[in-house]
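Hi,

Here is the structure I promised to pass on.

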Amino acid sequence: MQKLMRVVFTLAGIVGCMLLVTPSSSAQKLAKSLYIQGQAMGESTQMGQTFNVTLIIEEYSSADDQKVLAAAFNEKGNEGVVNALNKMSSKGRMSITGTLGYEVTYIRSWPQPDGTTKVRLVTNRPITFGEAWTDSRSMDYSLSGVDLILTADNKKNSGTLTPACKLKLNKENQLELELLQNPWKLVDVKKR
């Protein structure tokens, strides 16, 4: 339980920074698409499960996109963020082995003081027909996110994948990420 709480607080910090901190970078169309591939490894209840993840980044979101998401969350909570992401144009694509993948509508990149680059993305999660038909609990967790740390040495890249999550405010009125299941650790992350 303590490990889960640490993960929740860590992810809450990630999402809080992602949506509420305004870095100096602006929207940037990349001259050449950036391909990032990694291996997602299950933790806790998904231990032993693994799959490949491919991200294609064509452009980074602007500070204005970030402000739109923050305003949408303040107005309508998680549902507001989902609606705002639906209206944004695609910035790239994410695919998991065995799926067609889906568009990513919010991607930000921040250079870090230690020389690494932090890349974060949030997008609406595709809802399967079975989920919609049964109106299962998973329908409430309509967002997906990835947090990457990219280094100059391709061998030290790492990340976290949260395939089904939602944003909420905790009792201290701080932004928090609630997960449907445990996050997946991304290893063997390579920029291509």
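Let's start at Thr116, which sits in the loop joining strand E5 (106-111) to strand E6 (117-124). One thing to keep in mind as you read: this is a predicted model.

Is Thr116 buried or exposed? Its relative accessible area is 12%, so Thr116 counts as buried, the limit being under 20%. Its side chain makes a polar contact with the side chain of Asp114, at 2.6 Å. If you set aside neighbours within four places in sequence, the residues in contact with Thr116 are Trp110, Pro111, Ile149, Leu150 and Thr151.

Now to the nonpolar cores. The largest one has 22 residues, and those with the most contacts inside it are Ile36, Ile57, Met94, Val146, Leu148, Leu161 and Leu186. At least two residues of this core come from each of strand E1 (28-41), strand E2 (50-60), strand E4 (102-104), E6, strand E7 (143-150) and strand E10 (184-191). E2 gives the largest share, with five residues. In soluble globular proteins, nonpolar side chains tend to be buried together.

Next, the strand pairing around E1. E1 pairs with E2 in the antiparallel sense over ten bridges, and Gln39 stands opposite Asn52 of E2. E1 also pairs with E10, again antiparallel, over five bridges; here Met41 has Lys185 in E10 as its bridge partner.

H2 has 25 residues, yet its end C-alpha atoms are only 16 Å apart, whereas a straight helix would reach 36 Å at 1.5 Å a residue. Where is the kink in H2 centred? It is centred on Lys76, with a bend of about 140°.

Finally, the overall picture. The protein has three helices and ten strands, and along the sequence they follow the pattern α-β-β-α-β-β-β-β-α-β-β-β-β. Of its 192 residues, 46% count as buried. Among contacts with a separation of 6 or more, 58% are between residues 24 or more positions apart.

Happy to talk any of this through.

Best wishes

How values were computed
Residues are numbered from 1 along each chain as its sequence is written. This is a predicted model: local features need pLDDT of at least 70, side-chain atom pairs count only at pLDDT 80 or more; totals for chains, interfaces and linings use all residues. Side-chain values use heavy atoms; hydrogens and water are left out. Helices (H or I, at least four residues) and strands (E, at least two) are DSSP runs, numbered from the N terminus. Buried means under 20% relative accessible area, exposed over 50%, partly exposed in between (1.4 Å probe, protein chains only). A polar contact is a pair of N or O atoms within 3.5 Å; within protein, one must be able to donate a hydrogen and the other to accept it, and residues adjacent in sequence count only if both atoms are side-chain atoms. Contact means heavy atoms within 4.5 Å. A nonpolar core is a set of buried Ala, Val, Leu, Ile, Met, Phe, Trp, Tyr and Cys residues joined through side-chain atoms within 4.5 Å. The expected span of a helix is 1.5 Å times one less than its number of residues. The bend at a residue is the angle between axes fitted to the seven residues ending there and the seven starting there. Two strands pair if DSSP finds at least two bridges between them.
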